[in-house]
Amino acid sequence: MVVNRRILLKRRPKGMPTPEDFEFAEAPMPDPGPGEVLVRNRFLSLDPYMRGLMDAGKSYLTPLELGQVMDGATIADVVASNDAGFAAGDTVWAPGRWQDYAVCKPPPARPPLRKVDTKLAPATAWLGPMGLPGWTAYVGLLDLGEPRSGQTIVVSSAAGAVGALVGQLAKLKGLRTVGIAGGPEKCAYAVEALGYDECIDYKAANFRDALRKACPDGIDIDFENVGGDVLEAVWPLLNMNARVVVSGLMAQYNLTKPHPGPDLTWLLKQRVTIRGFIITDHAARIPQAIGEMARWLSEGKIKTYEDITVGLERAPEAFIGMLQGKNFGKTIVQVA
Ligand SMILES: NC(=O)c1ccc[n+]([C@@H]2O[C@H](COP(=O)([O-])OP(=O)(O)OC[C@H]3O[C@@H](n4cnc5c(N)ncnc54)[C@H](OP(=O)(O)O)[C@@H]3O)[C@@H](O)[C@H]2O)c1
């Protein structure tokens, strides 16, 4: 029997998840039914939205049931296919989950199984710039942020998967880029590796002063990945007609009480636009995002930054680590 190692949701977390919220289990490798495709996962993407799936409450995604395999996108190899569009040996993007093997349905099932071209970009890049973080950075900055050369953008969680790409794209568009990240090592990485003009440590005692000094002309775009106290610090620095693009709220996902929002008086006075978005609502823009990201990668205009943990059994540790800020760049698990 070929074993399928799997990681299940065992318990709903209270606040920050712990290893005890997950369960390691084994099952036989599944058989694909008519029209289905069996894949073997090579790389698993770990993303903050998975934290929301662990809660029971209403959200834009259906929560996981207890005992279900943790949800997640993978880059996988097709092992066997009962669909004419896929053949054994194809490399695919799959809704493969936290396990070795998955049975997937081809399009129009959603999320769709898609072939990926590893000549266009390496396999793991399809989970980074060519995948969810890339689409989020592309649509959030270029469509919703309305970037203009010479303006100042602030990006929170600057050294994470999305933030690393927003910073690079904003630089390509001629903006002054100021990152916000946790700790001196991460801030140094954001400047030296990712190319931010400056990066401010939100954990430092002088955070608000340092942010003000780094933005002498105010802030025109806030690419908000964090919320909470970080957004409070950004808020009074927003310029007239500033755009706040709310991509995510890392500082708030593990709270047990809602965080109060910033004062709207400033929004009114400064005519600030604040816009939340979920990338799946912008599916029509994804082919263009993939095409442009591939071109920028091949021209060396953007780079991919990855934080790879080896071993499926270490996925809970890597996931909790990402929520706590241990990752530099895109968090990926090498499954096999
Ligand atoms: N809207 C969409 O459709 C969409 C799609 C994908 C992702 N997102 C959002 O984009 C954001 C970034 O996602 P990602 O995949 O790129 O994750 P990531 O930034 O690679 O990883 C999460 C980071 O959050 C930071 N963080 C954790 N707790 C924090 C706190 N209390 N205060 C400030 N920072 C904190 C940590 O960095 P530090 O070490 O700097 O603290 C950590 O590395 C998330 O909010 C996610 O929900 C949105």
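A disulfide here is a pair of cysteine sulfur atoms within 2.5 Å. Keep that cut-off handy, because the sulfur of Cys215 is 11 Å from the closest cysteine sulfur, in Cys199, and that is too far for a bond. What you're looking at is a predicted model, where local features need pLDDT of at least 70 and side-chain atom pairs count only at pLDDT 80 or more, while totals for chains, interfaces and linings use all residues. Residues are numbered from 1 along each chain as its sequence is written, and side-chain values use heavy atoms, with hydrogens and water left out.

**Cysteines**

- How many disulfides does the structure hold? The count is zero.
- Cys187 is in no disulfide, and the nearest cysteine sulfur, that of Cys199, is 3.4 Å away.
- Cys187 is buried, at a relative accessible area of 8%; buried means under 20%, exposed means over 50%, and partly exposed is in between, using a 1.4 Å probe and protein chains only.
- Cys215 counts as buried too, with 4% relative accessibility.

**The ligand and its shell**

- There are 27 residues around the ligand, and the closest are Ser157, Tyr202, Tyr253, Ile279 and Asn327.
- By type, the shell splits into 16 nonpolar residues, ten polar and one charged. Nonpolar covers Ala, Val, Leu, Ile, Met, Phe, Trp, Tyr, Cys and Pro; charged covers Asp, Glu, Lys and Arg; the others, Gly among them, are polar.
- A polar backbone atom of Asn225 is 2.9 Å from an oxygen atom of the ligand.
- On its own the ligand exposes 900 Å², and the protein buries 91% of that. These areas come from the Shrake-Rupley method with a 1.4 Å probe; for residues, only the protein chains shown count as cover.
- Which elements give two or more residues to the shell? They are α2 (132-144), α3 (161-172) and α9.

**Helix α9**

- Helix α9 spans residues 315-323, and eight of its nine residues are buried. Helices (H or I, at least four residues) and strands (E, at least two) are DSSP runs, numbered from the N terminus.
- Among the buried residues of α9 are Phe319, Ile320 and Met322.
- The buried residues of α9 pack against several elements, including strands β1 (3-9), β2 (22-28) and β3 (37-45), plus helix α1 (49-53).
- After α9 comes Gly325, with a positive phi near 90°.

**Asp47**

- You'll find Asp47 in the loop between β3 and α1.
- Is Asp47 buried or exposed? Asp47 is buried, with a relative accessible area of 5%.
- The Asp47 side chain makes polar contacts with the side chains of Ser45 (2.6 Å) and Lys330 (3.0 Å). A polar contact is a pair of N or O atoms within 3.5 Å; within protein, one must be able to donate a hydrogen and the other to accept it, and residues adjacent in sequence count only if both atoms are side-chain atoms.
- Leaving out residues up to four places away in sequence, Asp47 touches Leu132, Phe319, Met322 and Lys330. Contact means heavy atoms within 4.5 Å.

**Trp266**

- Trp266 sits in helix α7 (residues 264-270) and counts as partly exposed, at 28% relative accessibility.
- Setting aside neighbours within four places in sequence, Trp266 is in contact with Trp235, Pro236, Leu237, Leu238 and Val272.
- Trp266 and Leu237 are 29 residues apart in sequence and 9.6 Å apart in space, C-alpha to C-alpha.

How values were computed. A residue is near a molecule or strand if one of its heavy atoms lies within 4 Å of it.
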